[in-house]
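Notebook open, model loaded. I'm jotting things down as I look them up.

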Amino acid sequence: MKQMWIRVLCGVALAVILGGTAAQAAVELNMYYPVAVGGPITKVIDDMIAEFEKANPGIKVKAVYAGNYDDTRVKALAAVKANQPVQLSVLFSIDLFELMDQDAIVPFDEVATSAEDKQWLSSFYPSLMQNSKAKGKIWGVPFQRSTIVMYYNKDAFKEAGLDPNKPPVTWQEMAEMAQKLTKKDASGNVTRWGVQIPSTGYAYWMFQALCIQNGLELMNQDGDQTYFDKPEVVEALQYWRDLAAKYKVMPEGTIDWGTLRQKFLEGATAIMWHTTGNLTAVREGAKFDFGVSMLPASKRRGSPTGGGNFYIFKNASAEERKASLKFIQFMTSPELSARWSMATGYVATSPAAYKTATLEKYVADFPAAAVARDQFQYSVAELAVHENARVKKFLDDAIQSVLTGAKSPKDALGGAQQQAERLLKPYR
Amino acid sequence: MHSIRPKKTMRIDSKTARWVNAWLLLLPAAVLMVAFTHFPIVGGFFASFFSTARQGRPSKFVGLDNYSYMLNDPVFWQVLGNNFLYAMGTIPLSVGLALLMAVWVNGRLFGRAVVRTAYFTPTILPMIAVANIWLFFYTPQIGLLDKIRGLFGLASHSWLGDPGTALACLMVLAVWKDAGFFMIFYLAALQGISPELEEAAVIEGAGRWYFFRRVTLPLLMPTTLFVVVNATINSFKLVDHIFILTKGGPDNASSLLLYYIYEVAFGFWDTAYASTLTVVLLAILGGLAVTQFAYLEKRVHYQ
């Protein structure tokens with residue numbers, strides 16, 4: 001009898017000990033992370049995570065690098081649907097409606113409740129928050145954010161007799177300068193193109209920049225209406241097509257997003273439009289003097305913002321949500337945001353980050369680093385609608401069919417609008 | 001009487017035992033097949049008659065709506081046409097090349113082992129890695145292909161960005177990757193052909209080409225059937241390189257049926273429509289398998 005009591009006591013003691021350690025065991029967070037540009041992005045993120053874990057021993061963070069933005073969304077959502085543990089992710093800022101429709105994420109308003117948290121939520125650049133808000137709530141926190149900027153080869157400008165410190169500021173100027181910059185060899189083949197705008201992967205993003213510059217946004221704020229067939233939009237696509245067909249300053253066919261940076265670095269194009277997220281990689285790879293400027297204007301200047309936001313998933317427990325918030329606050333703090341910006345070229349997400357001593361000095365030495373930030377005053381939200389992936393594909397296909405000379409801008413965009421309309425009607 | 005009965009019981013028992021034994025042996029494979037092949041096929045077939053659930057709009061029975069949407073979907077017809085072209089281009093080329101290479105390295109040849117290994121190497125490389133290498137071959141201006149063309153004074157060309165060449169670029173890669181694999185089968189079959197046949201043919205005065213056409217080729221028919229079936233399946237199921245090279249673009253010019261299914265299922269999360277497309281893919285592959293076995297079987301000469 002006595003022996004049995006001892007056994008029971010031992011059992012209870014053991015249970016208490018085990019339970020105690022279980023409560024103290026680290027909260028484990030899984031985060032999917034997209035990599036869209038060159039350079040050692042994963043190393044930078046891993047280092048930041050290590051630092052966070054050191055400061056917060058109770059939390060473990062595992063980053064899963066899952067390809068580009070689309071691949072990452074696919075994998076993160078698949079994990080959610082399969083009830084795999086995934087508590088937070090960096091995903092496309094424009095996947096907001098899609099993630100809401102799939103019922104996958106929670107608004108930050110529900111997690112970040114203290115006065116301090118509220119303060120933190122309002123510390124970011126307002127133009128970066130445009131893609132975070134819907135139905136009166138904040139669903140995403142900006143981290144890996146960018147705008148499109150124009151990289152240009154100053155040596156090529158000098159060679160062509162252009163002022164290397166005066167990049168084109170209008171569409172007309174860009175076409176004219178590009179004609180001077182286009183170089184041919186003895187047999188008449190082009191060895192250097194004037195300008196290249198990538199049209200795979202993120203064609204709609206580049207196109208949106210052209211449309212904003214031409215005075216029109218592609219969709220409404222509620223994400224249930226698109227304006228693909230408006231005259232301004234058709235005109236913008238015509239200009240893009242004309243760069244190859246009329247001005248002969250851009251190669252025929254589509255231009256690959258991924259290999260364009262390499263082409264710029266090897267002098268195969270004098271100007272390229274690309275994400276500011278490539279800035280540091282271009283700086284490290286360029287063997288010539290290069291400049292960075294805002295995109296040129298038609299009726300106005302403009303670029304959509306782009307890139308990834310932090311999201312917290314619905315299936316995270318209360319404790320995991322709190323830990324996720326802590327991690328996100330750490331990652332978006334001014335110091336880390338500044339460091340991230342210097343390591344990659346992505347914009348730092350808050351004014352406070354640009355006031356840190358390190359970033360202030362960096363920008364003073366390398367003014368190109370501030371171009372994207374300065375462009376904020378002209379930037380608007382990136383294309384985000386319900387059923388985003390599908391609507392985006394309609395537009396991408398239309399753009400590619402025009403750039404390859406298969407369709408006229410009016411026909412292609414009219415078709416895309418019709419398809420988008422059919423899909424978005426039920427959401428109004 | 002009594003002496004017979006136990007004997008009879010034993011006979012039934014051993015028969016039942018054999019039965020049970022056989023089914024037990026089949027069970028593990030059968031369970032896996034049913035769980036991961038047959039059940040999803042049936043599930044997908046049923047799903048194709050329902051709408052995709054969205055927030056606030058649960059899935060409901062829609063009859064043949066998904067199928068009529070498919071018939072009106074221009075992208076579906078385009079990828080189907082692409083897939084047909086892709087199959088017509090890659091199957092004869094890769095099989096023909098495999099046969100040629102096999103005959104070549106089967107003969108007495110200096111450095112035969114090296115050549116065999118070289119031919120087989122593309123097979124062992126992962127498709128994704130290979131596609132990344134080829135991406136830089138095809139890249140306009142700075143890619144290998146354009147550098148070589150540049151030596152001859154030819155203009156650079158956007159190989160993957162031109163709808164006229166994008167699909168062909170994928171086909172070249174597929175042939176390059178598959179031919180070496182099929183060569184192995186032909187090589188094995190060639191070595192199984194008795195040398196006496198060749199000696200007899202030489203004595204009879206048959207030419208090498210005649211011997212190849214009338215003796216070797218018919219003897220290789222079982223291998224050819226196997227290889228063609230595999231090549232056909234590959235042309236429908238191998239789409240890894242599309243992810244790296246073109247993402248189906250420009251304007252779906254290089255998209256194949258399975259890649260489109262992936263896009264619809266995991267890009268758009270329209271699982272109902274993806275099921276519909278999958279049913280079509282299965283019907284095509286099933287139909288092909290039946291015709292191939294029914295038609296070619298008659299022409300196959302087994303030794």
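First, the burial rule I'm using: a residue is buried if 20 or more other C-beta atoms lie within 10 Å of its own, exposed if 12 or fewer, and partly exposed in between, with C-beta atoms placed from the backbone. This is a predicted model, where local features need pLDDT of at least 70 and side-chain atom pairs count only at pLDDT 80 or more, while totals for chains, interfaces and linings use all residues. Residues are numbered from 1 along each chain as its sequence is written, and chains are lettered from A and ligands numbered from 1 in the order in which they are written.

**Entry 1**

I started with A:D103, which is exposed because it has 12 other C-beta atoms within 10 Å. I find A:D103 in the loop between α4 and β4 (105-106) of chain A. For helices I take DSSP runs of H or I of at least four residues, and for strands runs of E of at least two, numbered from the N terminus. The phi of A:D103 is positive, about 60°, although the residue is not a glycine.

A:K248 also went on my list, with a positive phi near 55° in a residue other than glycine. A:K248 lies in the loop between α11 (231-245) and α12 (257-265) of chain A. I count 16 C-beta neighbours inside 10 Å for A:K248, so the label is partly exposed.

**Entry 1: chain A overall**

I get 20 helices and twelve strands for chain A. The C-alpha trace spans about 105 × 50 × 40 Å along its principal axes.

Of the 428 residues, 52% count as buried. I then looked at contacts (two residues whose C-beta atoms, placed from the backbone, lie within 7 Å). Among those in chain A between residues at least 6 apart in sequence, 74% join residues at least 24 apart.

**Entry 2: two domains**

Chain A is divided into domain 1 (2-146 + 306-378) and domain 2 (147-305 + 384-427), with bounds that come from an automatic or database domain assignment. I have their C-alpha centres 31 Å apart. Across the boundary, 29 residues of domain 1 are in contact with 28 residues of domain 2. On the domain 1 side, the elements that each supply at least two residues include β7 (141-153), β12 (305-313) and α15 (334-344) of chain A. The largest share, four residues, comes from α4(A). I sorted that side of domain 1 into 14 nonpolar, eleven polar and four charged residues. My classes: Ala, Val, Leu, Ile, Met, Phe, Trp, Tyr, Cys and Pro are nonpolar, Asp, Glu, Lys and Arg are charged, and the others, Gly among them, are polar.

**Entry 3: strands of chain A**

Is β1 (residues 27-33) of chain A mostly covered or mostly open? Mostly covered: five of its seven residues are buried. I count seven bridges from β1(A) to β2 (residues 59-65), and the two run parallel; strands pair if DSSP finds at least two bridges between them. In this pairing A:Y33 stands opposite A:Y65. Two bridges also join β1(A) to β3 (residues 88-92), again parallel, with A:M31 opposite A:L88.

Four bridges join β11(A) to β7(A), running antiparallel. A:Y152 is the residue opposite A:G291.

**Entry 4: a buried helix**

I checked α19 (residues 388-403) of chain A next, which has 16 residues and reaches 22 Å from its first C-alpha to its last, close to the 22 Å expected at 1.5 Å a residue. The expected span is 1.5 Å times one less than the number of residues. All 16 of the 16 residues of α19(A) are buried, so the helix is largely enclosed by the rest of the structure. A:G405 follows α19(A), with a positive phi near 80°.

**Entry 5: chain B**

I have 24 residues of chain B in contact with 30 residues of chain A. The chain B side divides into ten nonpolar, ten polar and four charged residues.

Last, I looked up B:F120 in helix α4 (residues 112-124) of chain B. With 17 C-beta neighbours inside 10 Å, B:F120 counts as partly exposed. Leaving aside neighbours within four places in sequence, B:F120 is in contact with B:G180 and B:I184. B:F120 and B:I184 are 64 residues apart in sequence and 7.7 Å apart in space, C-alpha to C-alpha.
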